[in-house]
Amino acid sequence: MSTAPAIALQRATAQPQDVAVRLHDLGVWRPITWSVLMAEAAEIGSGFRSIGVQSGDVVGIVMTNHPTWVAAYLGIQGIGAVVAPIDPDLSSVQVATILESCGAKTVLCGDQEMFDKVDEEQQRGRCGAIQKLIIANTRGVRYFDNDDRADRDRILTVAQLRARGAIDGWKAEVPKVSPSDMQLSSVLFEPPINRCWIRVSVLRNS
Amino acid sequence: MLDQGQRVAEQLGLTTKDRVLAQTSFSDPVERSLSLVGLLQSGVTVVIGEGGPLAQAELQAVQPTVLLAAPGFLESTAAMLNRRIGSAKGLRKFALGRGWRPRAPIQSMARPAMISPLVILLLLGVAASLVWFGLTASMEDPIRLLGVLAIAVLTFVASILQGSAVVAPIRRQLGLNRVRAVVSASQDDAANMLGALRIPLLHPESLEGGAK
């Protein structure tokens with residue numbers, strides 16, 4: 001029995017130049033090999049570790065489909081943390097409800113639109129447990145207009161996170177994650193959405 | 001999680017030769033488990049498109065074998081197809097009128113044959129007749145020639161009536177000719193369209209089973 005990041009690491013070692021993911025980006029098809037994908041996963045995973053994410057902590061991902069989503073998913077699992085994937089099309093209230101329900105302390109946002117959903121709700125006093133916000137695409141995010149901002153430790157970019165990461169450290173952590181550890185916290189809205197009925201699912205690695 | 005994904009991959013029969021086009025969100029449990037298991041265990045390439053207005057063009061470009069489709073995309077495709085069929089003229093209108101029949105969705109991986117046994121028998125008959133004609137007849141024997149041509153026309157008409165001459169081109173135009181299965185929560189028109197195209201439509205909940 002194994003875990004998803006362990007299997008992915010094996011595949012990256014055995015066939016590093018095979019295409020794992022192909023991305024259509026601005027009209028160009030971009031292939032991403034296993035070695036590139038897992039290097040990103042290792043940097044992001046160890047980057048999360050460097051900002052204080054511990055084994056068992058919940059990390060929310062509010063992001064559209066992208067190779068960084070897959071890398072973050074594997075990277076976070078590799079340090080034993082729990083992923084809470086959230087549909088980026090949900091409203092800010094729904095996103096906040098899910099983040100509060102699963103007790104996320106750190107959230108990875110895809111871009112300005114998704115970042116604003118979380119940030120707005122925090123300004124309204126919700127999601128108080130969230131200590132760190134990470135943004136993949138910073139275009140249009142006002143926080144990054146000012147280099148001297150006071151919250152520079154609270155709001156980081158994925159690039160900053162990756163710069164703090166250590167690939168070897170992450171690879172050493174992956175085998176320590178047990179297949180029986182909690183791996184995913186999924187909160188699904190069920191109709192009627194306006195009443196905010198939610199269902200919480202917890203899946204383990206195995 | 002891996003067990004659940006393994007079951008999904010087994011149901012879809014994923015191999016390294018498969019190409020999965022992911023149009024639904026990774027935040028959906030089935031999409032995620034399917035994509036990850038596809039990546040990790042089957043070694044398939046997962047293609048992440050931009051979606052939206054580019055979704056149809058991406059389908060044509062990728063030529064996936066498994067499509068994870070957003071219901072809205074399939075519904076707009078079905079509406080577009082119905083508009084085109086409604087505005088067809090002449091011989092095309094005749095062929096579409098005979099060969100296009102929305103059908104109940106196919107909800108297992110067993111994909112029905114595109115060509116019925118009747119059409120295969122007629123094709124074999126045409127082939128045998130042509131061989132026989134080439135061996136025994138000459139152009140001075142117009143009755144035999146007309147007989148062979150009549151069988152060929154009959155085969156063509158039968159294939160239209162059966163739908164294969166209509167369905168296959170539509171599948172090619174939509175970029176669905178390599179698709180073995182579509183995973184989507186689509187219903188009604190979109191599901192009937194896939195039924196007519198002889199493409200199995202698997203509902204995400206049926207793939208998830210009791211693993212949630």
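**Figure 1. Pro16(A) in the loop between H1 and strand E1 of chain A.** In this predicted model, Pro16(A) occupies the loop that joins H1 to strand E1 (19-25) of chain A. Pro16(A) is partly exposed, since 15 other C-beta atoms lie within 10 Å, a count that falls between the limits of 12 or fewer for exposed and 20 or more for buried residues. When neighbours within four places in sequence are left aside, Pro16(A) is in contact with Thr33(A), Trp34(A) and Ser35(A). Leu37(A) is 21 residues from Pro16(A) in sequence, and the two C-alpha atoms are 9.4 Å apart in space.

**Figure 2. Packing of helices H1(A) and H2(A).** Helix H1 of chain A comprises residues 4-14, and helix H2 of chain A comprises residues 34-50. The two helices pack with their axes 9 Å apart, at an angle of about 140°. H1(A) and H2(A) are therefore oblique to each other, because angles over 145 degrees would be needed for a roughly antiparallel pair. The crossing of H1(A) past H2(A) is left-handed. On the H1(A) side, the residues that meet H2(A) are Pro5(A), Ala8(A), Leu9(A), Arg11(A) and Ala12(A). Their counterparts in H2(A) are Trp34(A), Ser35(A), Met38(A) and Ala41(A). Trp34(A) and Ser35(A) are also among the residues in contact with Pro16(A).

**Figure 3. Crossing of helices H1(A) and H3(A).** H1(A) also packs against helix H3 (residues 67-78) of chain A, where the axes come within 8 Å and cross at roughly 115°. H1(A) passes H3(A) in a left-handed crossing. The contact involves Ala4(A), Pro5(A) and Ala8(A) from H1(A), together with Leu74(A), Gln77(A) and Gly78(A) from H3(A). Pro5(A) and Ala8(A) are likewise among the residues of H1(A) that meet H2(A).

**Figure 4. Cys127(A), a non-glycine residue with positive phi.** Cys127(A) has a phi near 55°, a positive value in a residue other than glycine. Cys127(A) belongs to the loop between helix H5 (112-123) and strand E6 (132-135) of chain A. Cys127(A) is buried, because 24 other C-beta atoms lie within 10 Å. Chain A as a whole has seven helices and nine strands, and 45% of its 206 residues count as buried. Of the contacts in chain A between residues at least 6 apart in sequence, 70% join residues at least 24 apart.

**Figure 5. Gln63(B) in the loop between H3 and strand E3 of chain B.** Gln63(B) is not a glycine, yet has a positive phi of about 50°. The residue is located in the loop that leads from H3 to strand E3 (66-68) of chain B. With 15 other C-beta atoms within 10 Å, Gln63(B) is partly exposed.

Figure 6. Helix H4 of chain B spans residues 71-86, 16 residues in total. The distance from its first C-alpha to its last is 22 Å, close to the 22 Å expected at 1.5 Å a residue. Phe73(B), Leu74(B), Thr77(B), Ala78(B) and Leu81(B) of H4(B) are buried. Viewed down the axis of H4(B), the buried residues fall within an arc of 135°, so they line one face of the helix. An α-helix has 3.6 residues a turn, so residues three or four places apart point the same way. The cover over the buried residues of H4(B) includes helix H3 (55-62), helix H8 (164-174) and helix H9 (188-196) of chain B. Met80(B), Arg83(B) and Gly86(B) are exposed on the other side of H4(B).

Terms used
Residues are numbered from 1 along each chain as its sequence is written. Chains are lettered from A and ligands numbered from 1 in the order in which they are written. This is a predicted model: local features need pLDDT of at least 70, side-chain atom pairs count only at pLDDT 80 or more; totals for chains, interfaces and linings use all residues. Helices (H or I, at least four residues) and strands (E, at least two) are DSSP runs, numbered from the N terminus. The expected span of a helix is 1.5 Å times one less than its number of residues. The arc is that of the directions from the helix axis to the C-beta atoms. Two residues are in contact if their C-beta atoms, placed from the backbone, lie within 7 Å. Axes are lines fitted to C-alpha atoms, for helices over the stretch in contact, and angles run from 0 to 180 degrees between N-to-C directions. Angles under 35 degrees count as roughly parallel, over 145 as roughly antiparallel, 65 to 115 as roughly perpendicular and the rest as oblique. A crossing is left-handed if the near helix is turned anticlockwise from the far one by less than a right angle, and right-handed if clockwise.
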